[in-house]
Amino acid sequence: MAEEFNTDGMLDMFLFESSQLLEKLEGIILEKQDAECFDDSDINEIFRIMHTIKGSSGIMLFENITKVAHKLEDVFYYLRESRPENVPHLELVQKVLAVSDFVNAELEKIRAGNKSDGDEKEIVADLDAFLKELKGEIKDQGIKLPRENKHEEPTQFYIAPVASPDSLFYRIVIHYRNDTQMSNIRAYSATYALKEIAEDLLYTPEDIISNEESSDVILSEGFYMLLQTKCSKEDILALIDSAEAEKIDIDEITAEQFGRGLAEINHEPPKPDEATAASGASAAAAGPVVEVPQQDKSKPVVPGDYVVKSKETGKGKTLAKNQPKQQSIISVNIEKMDALMDLIGELVISEAVVLQNPDLKVPGLELSNFQKASAQLAKITTELQETIMSMRMMPLTNVFQKMRRIVFDVSRKLGKEIELDVIGENTEVDKNIIEHISDPLMHLVRNSVDHGIEENADDRVAAGKPAKGTITLEAKNEGGKVYISVKDDGKGLNKEKLYAKAKEKGLLGTKEITDFTENEIYRFITLPGFSTKEAVTEYSGRGVGMDVVVKNIQGIGGRLDIASEEGEGSEMTLIIPLTLAIVNGIVVKVGNSSFVIATSSVKEFVRLSKDAIVTEPSGEEYIVLRGTYYPFIRLSRKYQIENSHEDIEDGIVVILEHEGKQICILIDGLVQEQEIVVKPIPPYVKKVRGLSGCTQLGDGSIALILDIAGLIEDEERS
């Protein structure tokens, strides 16, 4: 017998698949938000998505999700079958998005370990009212309504193996399409449906609920069931959901074959004569594959009317394993990926410890064989690191899709007509980076919708622009960094207004507007408490948002660039690293201490004479190089390091750059360039400005990672 109903093993798969389906649903909806109506393929796909969510949530016993999904499925069932005209498209879009929001909220509760307890009554009533109007519209257009799309709950949860003289016995094999996800849940759905008519039911694999790997077995070999019932093959077909099935074989077998169980008859041909004798049916009725009558083309297809492929007598079964091999994809828990990434980082450190071991520096030691082996080790380690990094890379598609939704919602609440153009949504970045940029990107997009695009469409037309505003969201990879820009064709930034507002807020002291460059004035909008909105609204006016963007982006080693032209629009660009875990760095020495500088921040190494130093009366030092003045920091003085060079001619000057600003530091010497594993500074160590983390070097010592943004900010404050 099959194991008792238990959903624990299926929960992760349910959450994963449902989330994927909802993302696909929102993608379809937002892509066609400005169209006149959904086309047939969209309607069929939305119907299929809601049908799948309804079925899987029903199996998982999340009744509120099931009811909402079924009600929206109803709407698209009538759209699909009756094809009415004059359906309010925008209203329908909003209904679908409301359902998506509800289901997403419930999934988040489940993911957090809470109950799915959202009240579905209001949204179901709203959909009911819309459906009533839709049916009225269908009738007004003289179209006959299709039969009701009913969802009946199973009435039996346990099957007693009781046989009677008129019992029939069947072997059922379901072959799912090769690209079917969560085929084990599909299989369990079939057993769950057949329990209504079964006197006894066996199936294999038996661990379809608790074992995710059973999906692979089902896809390659099919899902086998033995069914004892009084119902016909047609009744069985009506109950099995074949939405993802490629083929369903139903063979009538004997009571003796049923008694031998699945292990012995999985691939054994049925015995028509014995089956016929046992059931009292004619020999002609017991074919190896169910022959389903051809569908009447004039009759609408409704849930439950599934077409099963038939095959000629004598032909062997075509299993999935005999099909051309397709790409195989598995889902992996992100925590396991993070653990693997940490192990790769430790491996990189261990490799450096081995290859830079002081014992290898003994004079006269023959190391040719060791060097060959170490070179091979380094090659494998690098390839392993690149592989795991590529596994963590994810496209920005989902993040950009959320931005579509934000533009759709906010623009309508503000009464603005705005179109979002998306470029480079397939650009890939590290999973951790995506988690850090979602909120900053949301703030930038909202800022463009609220502040960037003009309030009045007439103002745009008067300025020679289209009445409909455009926001362009673009992503690209360049030089080991990702550039994500949000550009609008709105009113742009007014430098005088920005300066006056900052002055009014007391953010500038006694500095005049001429003391700032254009870019510095634009960056006023990122100051805490700064806002150009006079009134506080749902989306702006509190002076928070842009400062959070800058802090979050700087936290992952990125920066925000702002460009604008008054009357033409603004462009805000996030420049972020591809990954956070392992970066290229240059190890430098200052006294007996080691520091690491990110390779991307180094502009130049130079040796200078004392004449290059300019000292201000306040004691601040500057370096003059090729007519340009750079702030100068001696790390030995800043961090009180002994035994380091004080004379600039004995050391090396490093010119560092961050967000267009340069600074010079003095070091004693260069050690090497290497990949470093970034580790946070332990919380029990007091935070020191100018340091962002630490790493372990090959000799086992600890090196501190310099925070260039922090050094520049500290220098500006002083």
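Biologist: Which residue in β22 stands opposite threonine 695?

Modeller: In this predicted model, threonine 695 faces alanine 703 of β22. The two strands concerned, β21 and β22 (residues 702-706), run antiparallel and are joined by five bridges.

Biologist: In what order do the strands of that open sheet lie?

Modeller: The order is β20-β12-β13-β22-β21, five strands in an open sheet with mixed pairing. At its edges are β20 (669-677) and β21 (691-696), each of which pairs on one side only. Direction ignored, neighbouring strands of this sheet are turned by 35 degrees against each other on average.

Biologist: How many strands has the open sheet that contains β2, β3, β1 and β4, and how are they paired?

Modeller: That open sheet has four strands, in the order β2-β3-β1-β4, and the pairing is antiparallel. The edge strands, β2 (198-204) and β4 (245-252), each pair on one side only. From one strand to the next, the twist averages 20 degrees.

Biologist: How many bridges join β1 to β4?

Modeller: Strand β1 (residues 168-176) and β4 run antiparallel, with seven bridges between them.

Biologist: Which strands does helix α6 lie across?

Modeller: Helix α6 (residues 183-194) lies across β1, β2 and β3 (223-229), and runs at about 5 degrees to β3.

Biologist: How is a pair of aromatic rings described?

Modeller: Two quantities are given for such a pair: the distance of the centres and the angle of the planes. A search of the whole structure finds seven aromatic pairs. One of them is formed by phenylalanine 169 and phenylalanine 258, at 5.2 Å centre to centre with 50 degrees between the planes, and is classed as tilted.

Biologist: Why does this pair tie together parts that are apart in sequence?

Modeller: Phenylalanine 169 belongs to strand β1 and phenylalanine 258 to helix α9 (residues 255-260), so the pair ties together parts that are 89 residues apart in sequence.

Biologist: How many cavities of 30 Å³ or more does a search of the whole structure find?

Modeller: The search finds two. The largest cavity has a volume of about 140 Å³.

Biologist: Which residues lie nearest the centre of the largest cavity?

Modeller: Of its 14 lining residues, Thr52, Ile185, Arg186, Ser189 and Asp241 lie nearest the centre. By kind, the lining divides into five nonpolar, six polar and three charged residues. Helices α2 (40-59) and α6 each supply at least two residues of this lining, and α2 gives the most, with five.

Notes
Residues numbered from 1 in each chain as written. Predicted model: local features only at pLDDT ≥ 70, side-chain atom pairs only at ≥ 80, totals over all residues. Heavy atoms only, no water. Pairing = 2+ DSSP bridges. Axes fitted to C-alpha atoms, helices over the stretch in contact; angles between N-to-C directions. Contact = heavy atoms within 4.5 Å. 1 Å grid on protein atoms, 1.4 Å probe; cavity = no way out; pocket = protein on both sides within 12 Å on 5 of 7 lines; lining within 4 Å. Points joined across faces, edges and corners; volume = space filled by probe spheres on them. Nonpolar A, V, L, I, M, F, W, Y, C, P; charged D, E, K, R; others polar. Phe/Tyr/Trp six-rings, centres within 6.5 Å; stacked < 30°, edge-to-face > 60°.
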